[in-house]
Amino acid sequence: MSVTGVAAVVCAGGAAWLTVGRDRGLRRARAALASGGGASPGDAAWRRATARVTGRVGHEWWALAAGAVIGLLGESVVPLVLGAAGVPLIRRVLRARDARLEGERRAAAVIALCGVLAGEVRAGRQPGEALRSAADGGLGVVDAGAKAGAGLGGARAGVLAAARFGGDVPGALEEAARGPGAQGLLGLAACWRVAVDRGAGFAAGLERLEGALRAERDQRADLRAQLAGARSTAVMLAGLPVLGLLMGSALGAAPLRVLLHTGAGLGCLAVGGVLEGVGVWWALRIVRGAEER
């Protein structure tokens, strides 16, 4: 395989990844612009169909496409099989990432809920009325109110019903706290119990809770930023075998043919793949363990 062929494959893969990675809103905007102006109806329909297809194809399927390309270049079915096996693994990783991001958004919404609720109580409203107002808008700040209401998640209706009809609001908040990123609602439930049962200052407790949750979030963000270098190093080291293959191809050693068509090459590929996977898993496990602590 020549250097030109390798460069073409790398460029095509990068272009495909960037194309799929763009957000859907930009694709819809381009499709809408393509339908007007000087574009022909056929060209506009083709662009809309392309945007619709690329919007539905997940990133994990590009592993299969890469396996197919490498299989064609190496004249072997092994890369295609490995690419197909990587699809569910990559999908699992992407789902875990999406769940983590959703948890972070939920945690930010819980912090906003505590802040808006404290403001409502400071304004003289009763706790139940303040909670309903904070979830629906809160002191006229629509954006903050909408974000605060998202902190209750799917249990929003149950919590608001308990607040409206005199139900067990702390119990409803504890039920809502079972979702990822909503653990701060446990503190809100505790503040509610103390304020209602013992007559303690509800607004002051909410403000302290908001400050504690905000400090914890900032600490996690700072730790994640400090660990970003270690994570990037692990990923970079995992990509070194690919760089070795490219260098071997540039030198004319035909590494794909050796790896895919000889017994020693297949053995090295199997052992190297296992060691590569274990190494990446172990490095990322260390990073995740540091984040959790």
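Reply: Arg214 is partly exposed, with a relative accessible area of 32%, where partly exposed lies between buried, under 20% relative accessible area, and exposed, over 50% (1.4 Å probe, protein chains only). This Arg214 forms a salt bridge with Glu210, the closest N and O atoms being 2.8 Å apart; a salt bridge here is a side-chain nitrogen of Lys or Arg within 4 Å of a carboxyl oxygen of Asp or Glu. Glu210, at 19% relative accessibility, counts as buried. Because Glu210 and Arg214 are four residues apart in helix α11 (residues 202-238), about one helical turn separates them; helices are DSSP runs of H or I with at least four residues, numbered from the N terminus.

The model is predicted, so local features need pLDDT of at least 70 and side-chain atom pairs count only at pLDDT 80 or more, while totals for chains, interfaces and linings use all residues. Residues are numbered from 1 along each chain as its sequence is written, and side-chain values use heavy atoms, with hydrogens and water left out.

Another salt bridge joins Asp218 and Arg217, with the closest N and O atoms 3.8 Å apart; Asp218 is partly exposed at 41%, and Arg217 is partly exposed at 28%. Arg178 pairs with Glu175 in a salt bridge whose closest N and O atoms are 3.4 Å apart, and here Arg178 counts as exposed at 66% relative accessibility, whereas Glu175 counts as partly exposed at 44%. Salt bridges also link Arg100, Glu104 and Arg224 in a network, and a search of the whole structure finds 12 salt bridges.

Methods. Helix = DSSP H or I, 4+ residues; strand = E, 2+ residues; numbered from the N terminus.
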